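Dear colleague,

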Amino acid sequence: MTEPIPLRWPSGLSASSQGLSDGDLLAMTAGGDTAAFSALYDRISPSVFGLVRRILRNPAQSEEVTQEVMIDIWRTANRYDPARGSAQSWILTIAHRRAVDRVRSEQASADRLERVGARSAEVDFDQVADTVTTRLETEQVRRCLDRLTDLQRESINLAYYNGYTYPEVAQRLGAKLPTIKARMRDGLIRLRDCLGTAEGATQ
């Protein structure tokens, strides 16, 4: 059973969707119609949340991913091709891909922590080597952070190094929550790619 999703598109707009299919609303969204997107959001976000929740299990992460999916729909609605399937299938495919990406990201993070934990548990602990490795990793993270935009870097610093929630980050930076979430998502992807490239280069 799909649980109700507490998220709402902040526009406050409403649109009569009577007689309009998901594909109609998606086509109107592609044209920049915020009312159509609001109606589509109300109609499809519970299904998106249900699918994401089944994959992620974590309710808070499921809400975040659902929000990211709906932002993606707003941005990429013009890519939908009715000849290749229903609008709902297209949207749920995006949701599935996003949720799987999040699982992989969480797994990669867990693997990284496990590797760090394993290193620290070694009997023949090499203090110098460990210090050098940590310093190199720290420098690499710092270099990758420097490649982000100011808003991406500030958002990630506040959320991941200072413990602020997404809404608190948005409030502190005077930006809208969807903007902060989008910038953080893009920033984390760039950070992951940068760190992944660096790891590959050192192997």
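The side chains of Arg 98 and Asp 72 form a salt bridge, with an N to O distance of 3.0 Å. This pair connects distant parts of the chain: Arg 98 belongs to helix H4 (residues 87-121) and Asp 72 to helix H3 (residues 59-76), the two being 26 residues apart. Arg 98 and Asp 72 are both buried. Please bear in mind that the model is predicted.

A search of the whole structure gives nine salt bridges. Another of these joins the side chains of Arg 185 and Asp 186, at 2.7 Å from N to O. Arg 185 has a relative accessible area of 9% and is therefore buried, the cut-off for that class being under 20%. Asp 186, in contrast, has a relative accessibility of 26% and so counts as partly exposed.

A further salt bridge is found between the side chains of Arg 192 and Asp 193, with 3.5 Å from N to O. Here Arg 192 is partly exposed, at a relative accessible area of 48%, and Asp 193 is likewise partly exposed, at 41%.

Which residues are linked in a network of salt bridges? The network consists of Glu 64, Glu 68, Asp 72, Arg 98, Arg 102, Arg 185 and Asp 186.

With kind regards

Technical notes. Residues are numbered from 1 along each chain as its sequence is written. This is a predicted model: local features need pLDDT of at least 70, side-chain atom pairs count only at pLDDT 80 or more; totals for chains, interfaces and linings use all residues. Side-chain values use heavy atoms; hydrogens and water are left out. A salt bridge is a side-chain nitrogen of Lys or Arg within 4 Å of a carboxyl oxygen of Asp or Glu. Helices (H or I, at least four residues) and strands (E, at least two) are DSSP runs, numbered from the N terminus. Buried means under 20% relative accessible area, exposed over 50%, partly exposed in between (1.4 Å probe, protein chains only).
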